[in-house]
Amino acid sequence: MDDLIDKTHFAFVPGRVIIDNIVLSHELVKGYGRKGVSPRCTAKLDMQKAYASLEWLLLKQILCALAFPEKFVKWIMTCVQSVTYIIILNGSPTQPFEARKRA
């Protein structure tokens, strides 16, 4: 597992502890509000979701095979396939852009 999971992911891997990420985040942020320090910002982005690593067609086939109602399957697939993001940058929203899977 250690070779398959990126070094930045600390949970659920023997020898790694999720608290390491919490401590790192705290250390990065704790000095941001001090007087005399230049303005700073931090961003934590985790755009990959569990369903993003599945083939969407496979997800649909599984839902159908489990006999979920067709309407429900359509709702789920719409949610999975139609995600858009807007980023607020310096207080102004960017143009919306669609989420898509990495090739």
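Reader: How many salt bridges does a search of the whole structure find?
Author: A salt bridge is counted where a side-chain nitrogen of Lys or Arg lies within 4 Å of a carboxyl oxygen of Asp or Glu. When the whole structure of this predicted model is searched in that way, the number of salt bridges found is one.

Reader: How are residues numbered, and what kind of model is this?
Author: Numbers start from 1 along each chain as its sequence is written, and side-chain values use heavy atoms, with hydrogens and water left out.

Reader: In what order do the elements of the protein chain run from the N terminus on?
Author: Helices (H or I, at least four residues) and strands (E, at least two) are DSSP runs, numbered from the N terminus. The protein chain holds three helices and four strands, and from the N terminus on their order is α-α-α-β-β-β-β.

Reader: Which element of the protein chain has the highest confidence?
Author: Over the protein chain the pLDDT averages 75, and 68% of the residues score at least 70. Confidence is lowest in strand β2 (residues 88-89), with a mean of 76, whereas the highest mean, 89, belongs to α2.

Reader: Which two residues meet in the salt bridge, and at what distance?
Author: Opposite charges on side chains can pair when the charged atoms come close. The two partners lie four residues apart in helix α3 (residues 70-81), which means that about one helical turn separates them. Glu 70 counts as exposed because its relative accessibility is 58%, where exposed means over 50% relative accessible area, buried under 20% and partly exposed in between, with a 1.4 Å probe and protein chains only. The side chains that meet are those of Lys 74 and Glu 70, with an N to O distance of 3.4 Å.

Reader: How is the aromatic pair of Phe 68 and Phe 72 arranged?
Author: Rings of Phe, Tyr and Trp (its six-membered ring) pair if their centres lie within 6.5 Å, and planes under 30 degrees apart count as stacked, over 60 as edge-to-face and the rest as tilted. The structure holds one such pair; its centres are 5.1 Å apart and its planes lie at 25°, and the pair of Phe 68 and Phe 72 is therefore stacked. Phe 68 is partly exposed at 35% relative accessibility and Phe 72 is partly exposed at 28%, in an aromatic pair whose arrangement is stacked.

Reader: Which residues make up the largest nonpolar core?
Author: A nonpolar core is a set of buried Ala, Val, Leu, Ile, Met, Phe, Trp, Tyr and Cys residues joined through side-chain atoms within 4.5 Å. The largest one has six residues, which are Trp 56, Leu 59, Leu 63, Val 73, Met 77 and Val 80. Helices α2 (56-65) and α3 each supply at least two residues of this core.

Reader: What is the phi of Ala 67?
Author: Most residues other than glycine have a negative phi. Ala 67, found in the loop between α2 and α3, counts as exposed because its relative accessibility is 64%. Although Ala 67 is not a glycine, its phi is positive, at about 65°.

Reader: How far apart are the C-alpha atoms of Ser 82 and Glu 98?
Author: Ser 82 has its place in the loop between α3 and β1 (84-85), and at 45% relative accessibility Ser 82 counts as partly exposed. Along the chain Ser 82 and Glu 98 are 16 residues apart, and the separation of their C-alpha atoms is 7.2 Å.

Note on methods:
This is a predicted model: local features need pLDDT of at least 70, side-chain atom pairs count only at pLDDT 80 or more; totals for chains, interfaces and linings use all residues. pLDDT is the predictor's confidence in each residue, from 0 to 100.
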